[in-house]
Each structure stands twice: as C-alpha cells, then as structure tokens.
Amino acid sequence: MSKKLHLHLDADTSSKALYNALLERGHDVTRTPTAWMPFDASDEQQLLGATAQGRAIFTYSIRDFIVLGKRYPQHAGIVLARQNSLSLNGLIHALDRVLRETNSDEWVGQTRWLNEWRK
C-alpha cells in the first residue's frame, strides 16, 4: 500500500503563507525551522533531516540539491523550482497537486521539477 507524500519546505521556500495554505488543504507539511531542523541548517542537513523524517523536500537551491541528490541516492525526494518562477498561488496549486497525485514510494531517490504539476 502506498503512503501519502509528506513534504518539508527548506529554509529558502519556508514561507508561512505557503506552509499554512498547504496545511489548510490537509497536507502533512513541515518547514525550516522546526524542532528537528534549525533555521541555519546547511542544505545537506536539511536533505538528510527531511529524509530521516520520511519527507520529500521542496527547494529553490537547484545546483546544491542536484549534487546532494546524487550523493545521497536514497533521499525521500527533492522537488525543485526556480525562485520567482511561480506566484504564491501557483506554488500552492502545484504543490497541492504533487501532494495529492503522488505518493512517497514514487519519490525515493527522485529529483523532479515542480513545473511538471503546473496547470
């Protein structure tokens, strides 16, 4: 049985408005900072922390996370977007689709672009 995808917003994507909008839609989302992730955590710490929590991570740090995804091939998933490529509303709708239409099993070791879920 497939499990729902859980998501972590890294320090770069961690807006309260985005976080709250996804929670309001019933998704299991965390954000940096949290009890298990300090605000000043490195990209590597954020990826490993999210993976330890069974969460895919959403980030704008494209170059860094592509490298980290290859270094840690069993990560729980990396969702990439270019900063300012989508409005807040666009981010909410695209991430909502990711969280509704995919499951955690599909994301293990995967690095994918959020644009795949744009309307």
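N84 sits in the loop that joins β4 (78-80) to α4 (88-101). Helices (H or I, at least four residues) and strands (E, at least two) are DSSP runs, numbered from the N terminus. The model is predicted: local features need pLDDT of at least 70, side-chain atom pairs count only at pLDDT 80 or more, and totals for chains, interfaces and linings use all residues. Numbering starts from 1 along each chain as its sequence is written, and side-chain values use heavy atoms, without hydrogens or water.

Look at the backbone of N84. Its phi is positive, about 70 degrees, although N84 is not a glycine. Most residues other than glycine have a negative phi, and most peptide bonds are trans. N84 is also exposed, with a relative accessible area of 73%. Exposed means over 50%, buried under 20%, and partly exposed in between (1.4 Å probe, protein chains only).

The peptide bond from T32 to P33 is cis, and its omega is near 0 degrees.

Next comes α1. Which residues of α1 (16-24) are buried? They are L18, A21 and L22. Viewed down the axis of α1, these buried residues fall within an arc of 95 degrees, so they line one face of the helix. The arc is taken from the directions from the helix axis to the C-beta atoms. Residues three or four places apart in an α-helix point the same way, because there are 3.6 residues a turn.

What covers the buried residues of α1? The cover includes β1 (7-9), β2, β3 (56-59) and α4, with contact meaning heavy atoms within 4.5 Å. K16 and E24, on the other side of α1, are exposed. After α1 comes G26, with a positive phi near 90 degrees.
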